[in-house]
Amino acid sequence: MTAWTSADIPPLTGRIAIITGATSGIGAQAALALAAHGAEVLLAVRDTARGEAQAAAIRAQHPGARISVGALDLASLASVRDFAGRTGDTIPRIDILLNNAGLGLQKTRHTTEDGFEQMFGTNHLGHFALTGRLIPALLRAPAPRVVTIASIAHRRGSIDFDDLQTERPYTGRKAYGQSKLANLMFALELDRRARAAGSRLASIAAHPGVATTGFVAATGTPRIMVTLANLAISIFGHSSAKGALPGLYAATMPGVIGGQYWGPNGFLEVRGTPAPARIAPQGQDHAVWARLWTVSEELTGVTYPALA
Ligand SMILES: NC(=O)c1ccc[n+]([C@@H]2O[C@H](COP(=O)([O-])OP(=O)(O)OC[C@H]3O[C@@H](n4cnc5c(N)ncnc54)[C@H](OP(=O)(O)O)[C@@H]3O)[C@@H](O)[C@H]2O)c1
């Protein structure tokens, strides 16, 4: 089987994409690849100075690339509301929403501005609220795709409705696994609802395998350990550019359909070329998808509009 690369992305001129967390790692690589193929790309980032630097780096490689930067902190529902308010009304349409930003495993418990456990609040609830607020702009596109980045770590996760904020007791592993399982379930439930509504919106999940990004450093691990971990990842995993490929495939390739989950096809899905990925049994429980959706609406105060 020939490896699929970013060179195989179809022409995207006239398409508009939003990527969360485009300052680093997979999001930065995805932004570069989408812009290189002609898409107009909005980098939704919490640090706009770094976002502008990233935009300049892309323009340097691809003069004429249409890139803009918007302030979005997924750990703040007010920031999500403001971003969506500024963008949702003015953008002509959103063809691709890449829900990529993510906070890696935090050893000690932190909370978001709204009091949610930080990984659940940022990785899942922030994207849940963002997508819900951007539905009208997505539905202005002829074939909108929402791609949400999950993780192999969803297999270690469970949705603990009695302790969604991971207070009793806190372990970073439990909170991260839950947040990435929630990403996957959100993507699948959004698509189930879109199909039920007869919507043209497709929601797809993807995961990068294991890739060298800023992810380990963002956990607060000592520098020497970050270097060693990234060395190991570069041997057993793959680069951030390759880690971006499953999400790019899901976002751009004809034939991809809503409700699919894409990841690398190699051993344990750690590296390789994009292919349908395995969903752990606990990720296939439709009753949990639906309950998580209802709870997420309650926690964020964002009720989804009609999907068609
Ligand atoms: N790397 C892997 O092996 C791996 C494996 C499985 C899944 N993933 C998933 O891949 C996605 C991308 O991660 P990455 O590996 O590319 O890591 P990364 O290099 O650390 O990038 C993460 C991005 O998320 C942004 N972010 C973090 N908190 C945010 C917030 N509150 N609001 C807005 N943006 C925020 C970061 O912004 P700043 O630059 O401002 O910090 C950064 O741009 C994540 O969803 C992660 O769970 C990665």
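In the predicted model, the elements that cover the buried residues of helix α2 include helix α1 and the strands β2 (40–45) and β3 (67–71). The buried residues in question are G51, Q54, A55 and I58. Viewed down the axis of α2, these residues fall within an arc of 100 degrees and therefore line one face of the helix. On the other side of α2, the residues A49, A53, A56 and A60 are exposed. Helix α2 comprises the 14 residues 48–61, which at 1.5 Å a residue should span 20 Å; the end C-alpha atoms are 20 Å apart, in agreement with that value.

Contacts of L43 involve several of the residues named above. Apart from neighbours within four places in sequence, L43 is in contact with G51, Q54 and A55, and also with I19, A22, A31, I67 and V69. The largest nonpolar core contains 88 residues, of which I19, A31, V41 and L43 touch the most other members. Helix α5 (residues 172–196) gives the most to this core, contributing eleven residues. In soluble globular proteins, nonpolar side chains tend to be buried together.

Helix α5 is also among the elements against which the buried residues of helix α9 pack, together with α3 (77–90) and α4 (118–138). Helix α9 (residues 286–300) has 15 residues and reaches 21 Å from its first C-alpha to its last, close to the 21 Å expected at 1.5 Å a residue. The buried residues in α9 are W289, L292, S296, L299 and T300. Because these residues cover an arc of only 95 degrees around the axis, they lie on the same side of α9. On the other side of α9, H286, A287, T294 and E298 are exposed. Just after α9, G301 takes a positive phi of about 75 degrees.

The ligand is surrounded by 30 residues, the closest being G21, G25, G102, T213 and G214. Helix α1 (residues 25–36) gives the most to this shell, with three residues. By residue class, the shell around the ligand divides into twelve nonpolar, 14 polar and four charged residues.

Residue A275 is located in strand β10 (residues 274–276). The C-alpha atom of A275 is separated by 24 Å from that of G21, and the two residues are 254 residues apart along the chain. A275 has 15 C-beta neighbours inside 10 Å and therefore counts as partly exposed. Not counting residues up to four places away in sequence, A275 touches W262 and N265.

Terms used:
Residues numbered from 1 in each chain as written. Predicted model: local features only at pLDDT ≥ 70, side-chain atom pairs only at ≥ 80, totals over all residues. Near = placed C-beta within 6 Å. Helix = DSSP H or I, 4+ residues; strand = E, 2+ residues; numbered from the N terminus. Nonpolar A, V, L, I, M, F, W, Y, C, P; charged D, E, K, R; others polar. Core = buried A, V, L, I, M, F, W, Y, C linked by C-beta atoms within 7 Å. Buried ≥ 20, exposed ≤ 12 C-beta atoms within 10 Å, placed from the backbone. Contact = placed C-beta atoms within 7 Å. Expected span 1.5 Å × (residues − 1). Arc of directions from axis to C-beta.
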